[in-house]
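Visitor: Could you take me through this model feature by feature, giving the general idea before each case?

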Amino acid sequence: MAAHILIIEDEEKLARFVELELVHEGYQVSRSGNGREALQMAEENSYDLLLLDIMLPGLNGLEVLRRLKQEGNTVPVILLTARDAVMDKVAGLDGGAVDYITKPFAIEELLARIRVALKLHGSAAAAKKTAEPGNLTWRKLSLSEQRHQVTWAGEEISLTNREFRMLKTLLENRDIVLSRETLLEKVCGYDYMGETNVVDVYVRYLRSKIDEVYGVKMIRTVRGVGYVIKEEQDG
Ligand code: CA
C-alpha cells in the first residue's frame, strides 16, 4: 500500500513539482496551500507523512504542527523552511517535527528524507489508524497483521512467528473452539509432520506472555477438543 503524503505548501509551482515527483515515486499525494485547511485535512485523514511549509496563509506551519501534536497526532512531519530561518528549524524540531529541509532543495534530498522519515516513524502513524485492516482486538490487546505486531494497552508484546499466527487464528475465530489439528495446520502449515502437542506448547508460551503478565484468561482450554478465545468480558 502506497504511503499517503500531504503536501502543505502555498507556493503553487513548488507544490505541484513536489507532487509530481512524489506521484512518480509511487506515493499517494494530497495537497493544501492553506494552514487552516491542512490542519483540518490532517485531523480527518490518516496521512503517513506531512510536508509542511512554515510561511502559510490561514495558519502558519509551526502553529499547524503545534495543534496536531497537542491533539496527540503522531503523523511524522517534515518542515519546509527558508534558508535563513534557523529559529523556525529549532522551533519545528522542538515542536515535534521529525526533520526539515531548507528551500530551495534538490528533490533527491527530499525523497531521501521522506524515505527515512517513513521508515523510522511510519509505524507510529499507522498506530493511529483505528480502522486499519487486519487489526484484531481483545480487551486491551491489539494485533496488527500489517505491522506484525501485538500490543497490550499500547505496550508491545514480543511474539515469535508461530505464536503470532496462533494468536491471530484464535482471534479470527472468536467463540469457535479450534481443534489442535486445525491450529497446527494454521500455525505450522498443512505439511507439518510433527506432534499436535506443539499446539499446547505455543498456547503455553502465549499464556506466559499475555495471560500471566496481564492477569487475564484469554485462551481457554476446552478439554478433549482444543482452544478458544471468547468474546465475553468476564474472567
Ligand atoms: Ca510559503
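Guide: Let us begin with a turn: β6 and β7 form a hairpin with two residues between them, and Arg139 in that turn has a positive phi of about 50°. Strands here are DSSP runs (E, at least two residues; helices are H or I, at least four), numbered from the N terminus. This is a predicted model, in which local features need pLDDT of at least 70 and side-chain atom pairs count only at pLDDT 80 or more, while totals for chains, interfaces and linings use all residues. Residues are numbered from 1 along each chain as its sequence is written, and side-chain values use heavy atoms, with hydrogens and water left out.

Visitor: In which sense do β6 and β7 pair, and over how many bridges?

Guide: Two strands pair if DSSP finds at least two bridges between them. Strand β6 (residues 135–138) and β7 pair in the antiparallel sense over four bridges, with Trp138 and Leu141 as bridge partners. On β8 (residues 149–152), which also pairs with β7 in the antiparallel sense over four bridges, Trp152 stands opposite Leu141.

Visitor: Which way do the residues of β7 point, and are they buried or exposed?

Guide: Buried means under 20% relative accessible area, exposed over 50%, and partly exposed in between (1.4 Å probe, protein chains only). From β7 (residues 141–144), Leu141 and Leu143 point one way and Ser142 and Ser144 the other way, and all are buried.

Visitor: Which protein atoms are the donors of the calcium ion?

Guide: Donors are N, O and S atoms within 2.8 Å of the metal (3.2 Å for Na, K and Ca), and because water is not among the atoms, sites may look incomplete. Here the protein donors are Asp10 (OD), Asp53 (OD) and Met55 (O), lying 2.1 to 2.3 Å from the calcium ion. Asp10 lies in the loop between β1 (4–8) and α1 (12–24) and Met55 in the loop between β3 (49–53) and α3 (61–70), so the pair ties together parts that are 45 residues apart in sequence. Asp10 is partly exposed at 34% relative accessible area, whereas Met55 is exposed at 66%.

Visitor: What joins the side chains of Ser30 and His4?

Guide: A polar contact is a pair of N or O atoms within 3.5 Å; within protein, one must be able to donate a hydrogen and the other to accept it, and residues adjacent in sequence count only if both atoms are side-chain atoms. Such a contact, of 2.7 Å, joins the side chains of Ser30 and His4. The backbone nitrogen of His4 also lies 2.6 Å from a polar side-chain atom of Asp48.
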